[in-house]
Amino acid sequence: DPFSLDIKTQPSAVPLDLLPTLVDMAWSDKPEDVFQGVMLIRKLLTVERNPPIQEVEDTGVAEVLAKCMTNDNTDLPLEASWALSNIASGETSHAHHIIELGVVPLWIGHLSS
């Protein structure tokens, strides 16, 4: 159950097999589901060894993560930004995809606020 995990959960404790559920949550209309899904996707991407960057990228969730960066909730843009930066840290193709989504100006805007 994704709601049994929280902000204090260690990244290594988030099972990769939850990824499809987390992606569905990130696309949800319910703000609490969106935050929980995005936060746990970010945690998946912050494991120290072999983060599942390609697996996350293959879901197409980067698009909704970029959208979350424009949310008024201060925690959601932070979680989304962190996840996107972890995706961008993968292969060159991952970085190019994040750039194509228009995330860089959003990062700059957040840094200058």
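Visitor: Which helix has the lowest confidence, and at what mean pLDDT?
Guide: This is a predicted model, where local features need pLDDT of at least 70, side-chain atom pairs count only at pLDDT 80 or more, and totals for chains, interfaces and linings use all residues. Residues are numbered from 1 along each chain as its sequence is written, and side-chain values use heavy atoms, with hydrogens and water left out. The chain averages a pLDDT (the predictor's confidence in each residue, from 0 to 100) of 94, and 100% of the residues score at least 70. Confidence is highest in helix α1 (residues 19-26), at 98, and lowest in α7, at a mean of 89.

Visitor: How are α2 and α5 oriented to each other?
Guide: Helices (H or I, at least four residues) are DSSP runs, numbered from the N terminus; axes are lines fitted to C-alpha atoms over the stretch in contact, and angles run from 0 to 180 degrees between N-to-C directions. The axes of α2 and α5 come within 9 Å and cross at roughly 30°. Angles under 35 degrees count as roughly parallel, over 145 as roughly antiparallel, 65 to 115 as roughly perpendicular and the rest as oblique. The two helices, α2 and α5, are therefore roughly parallel.

Visitor: How many charged residues does the contact of α2 with α5 have?
Guide: Contact means heavy atoms within 4.5 Å. Here α2 contributes Val34, Phe35, Val38, Met39, Arg42 and Leu45, while α5 contributes Asp75, Leu76, Glu79, Ala80, Trp82, Ala83, Asn86 and Ile87. Ala, Val, Leu, Ile, Met, Phe, Trp, Tyr, Cys and Pro count as nonpolar, Asp, Glu, Lys and Arg as charged, and the others, Gly among them, as polar. The contact has 10 nonpolar residues and 1 polar, and the number of charged residues is 3.

Visitor: Is Arg42 buried or exposed?
Guide: Arg42 lies in helix α2 (residues 31-45). Leaving aside neighbours within four places in sequence, Arg42 is in contact with Ile7, Glu79, Trp82, Ala83 and Asn86. Buried means under 20% relative accessible area, exposed over 50%, and partly exposed in between (1.4 Å probe, protein chains only). Because its relative accessibility is 5%, Arg42 counts as buried.

Visitor: How are α5 and α6 oriented to each other?
Guide: Helix α6 (residues 92-100) packs on α5 at an angle of about 140°, with the axes 7 Å apart. Leu84, Ile87 and Ala88 in α5 meet His94, Ala95 and Ile98 in α6. By class, this contact of α5 with α6 divides into 5 nonpolar, 1 polar and no charged residues. The helices α5 and α6 are therefore oblique.

Visitor: Which residues of α7 make the contact with α5?
Guide: The axes of helix α5 (residues 75-88) and helix α7 (residues 103-111) come within 11 Å and cross at roughly 130°. That makes α5 oblique to α7. From α5, the contact is made by Pro77, Ser81, Leu84, Ser85 and Ala88; from α7, by Val103, Trp107 and His110.

Visitor: What is the C-alpha separation of Glu48 and Pro11?
Guide: Glu48 is placed in the loop between α2 and α3 (53-58), and counts as exposed at 83% relative accessibility. Glu48 and Pro11 are 37 residues apart along the chain, and their C-alpha atoms are separated by 8.5 Å.

Visitor: What is the phi of Asn50?
Guide: Asn50 lies in the loop between α2 and α3. With 68% relative accessibility, Asn50 counts as exposed. In this residue other than glycine, phi has a positive value, near 55°.
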